[in-house]
Amino acid sequence: MDAERAPEPPPPPAAAEREMGFAERAVAASGAAVVSAVLVNPLDVAKTRLQAQAAGVVYNPIWSDFRCYPSCNPGVNGLGPSCSSECFQYRGTMDVFHKVTRQEGIFRLWRGTAASLALAVPTVGIYLPSYDLLRNWIEEYSDHSFPKLRPYAPLIAGSVARSLACITCSPIELARTRMQAFKGSNIGGKPPGMWKTLLGVLSLGQSINHPENFRSYHLLWTGLGAQLARDVPFSAICWTVLEPTRRHLIGVVGEQSNAAVILGANFSAGFIAGVISAGATCPLDKDPARVLHMNTRRILQEVWSKEGINGIFRGVGPRMARAGPSVGIVVSSYEVVKHIMHRKHIELTLQTHQT
């Protein structure tokens, strides 16, 4: 009877890599952040321009090499300032790609990638490994002591890990926001670098006569509350949807432990989770420059009073269009790199034992 008993089902993919340490996971996460930033940056550009257009901000470049085309009905000499307003009106994400590529060059779609990497690499490098380790610990604890806690492991781990990443990297987010605000209010001016921006923030709270006053360092975490209010619910919803989805997908294909299955299952689950969580938390994703002066509740109240439900969910389409691929690429890249590293570790261990 025992010989005929069906074998136990294999554990979820993450269980095979539980022995990986934080440093190894951080390397895999940083690599995933780089891949995602490069591939998703065009969607970021489209999202930014569509949101700005919905807010009534007309994008009108003033550089001399801007190119009008017949479809734009150019004015005198075909230069940017004399182009029809049609040139700067976008009908959707694909229209942004088409017009930016024709008018400004294809590489314009990757503008700001360096700034995105400066924030994404440390944030994701902390976020994903922390989530992995916390989720594993909560699941192990629930299996031994509190089984009812297990379904909530992704939600709890995602919320805590995102909070940790936000708190750690908040000064970088603050610097990026202030640099973006500088570009918006100083057309043609060159914004200061990240370190100079942060030093400028510190100088606001330090006395000229008492430079040793360290109390101003809390200013580096300006806007943290709004950032947590935006990112933590997104993360909680995302992982709550993602975990059961990817485990179901991997179960459907038979739990085959290969990179192609891991890539496909994680990208699909990440895409679905990213779209759902982006749509649910769209009201919390508002103009980052306003976060420097107003908290999330005041921003939502102001938008609601002026624009109603349409203003609250302004930009939901571009946000969902960006979040789906972004989450899918990050999670699938991370899991594939972890899988490869795990396999290499097993091969090296076997070679060591054989010798």
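A salt bridge is taken here to be a side-chain nitrogen of Lys or Arg lying within 4 Å of a carboxyl oxygen of Asp or Glu. In the structure shown above, which is a predicted model, R25, D132, R135, E139, D143, R150, E243, R246, R247, E335 and K338 are linked by such pairs into a network. The structure as a whole holds 15 salt bridges.

The salt bridge between R247 and E139 has its closest N and O atoms 3.3 Å apart. Because R247 lies in helix α6 and E139 in helix α3, which spans residues 113–144, this pair ties together parts that are 108 residues apart in sequence. In the second pair, E243 forms a salt bridge with R246, and here the closest N and O atoms are 2.8 Å apart. Both E243 and R246 belong to helix α6, where a separation of three residues places them about one turn of the helix from each other, and both of these residues are buried.

Helix α6, which comprises residues 224–252, also meets helix α10, which comprises residues 316–354; the axes of the two helices come within 13 Å and cross at roughly 60 degrees. The helices α6 and α10 are therefore oblique to each other, and the crossing in which α6 passes α10 is right-handed. On the side of α6 the contact is made by F234, C238, W239, L242 and R246, while α10 contributes R319, A323, V327, V331 and E335. When the residues of this contact between α6 and α10 are sorted by class, seven are nonpolar, three are charged and none is polar. Among the charged residues of the contact, R246 and E335 are also listed as members of the salt-bridge network.

Another arginine, R162, is located in helix α4, which runs over residues 153–185. R162 counts as buried because its relative accessibility is 17%, a value that falls under the 20% limit for burial. When neighbours within four places in sequence are left aside, R162 is in contact with T123, Y127, D231, V232 and S235. Of these partners, T123 and Y127 fall within the residue range of helix α3, and D231, V232 and S235 fall within that of helix α6.

D95 pairs with K99, the closest N and O atoms of the two being 3.5 Å apart. Both residues lie in helix α2, which covers residues 93–104, and they are four residues apart, about one turn of the helix. D95 and K99 are both buried. A46 has a relative accessible area of 1% and so is buried. Apart from residues up to four places away in sequence, A46 touches T93, V96 and F97, which fall within the residue range of helix α2.

Terms used. Residues numbered from 1 in each chain as written. Predicted model: local features only at pLDDT ≥ 70, side-chain atom pairs only at ≥ 80, totals over all residues. Heavy atoms only, no water. Axes fitted to C-alpha atoms, helices over the stretch in contact; angles between N-to-C directions. Parallel < 35°, antiparallel > 145°, perpendicular 65-115°, else oblique. Left-handed = near helix turned anticlockwise from the far one by under 90°. Contact = heavy atoms within 4.5 Å. Nonpolar A, V, L, I, M, F, W, Y, C, P; charged D, E, K, R; others polar. Buried < 20%, exposed > 50% of the residue type's maximum accessible area, 1.4 Å probe, protein only.
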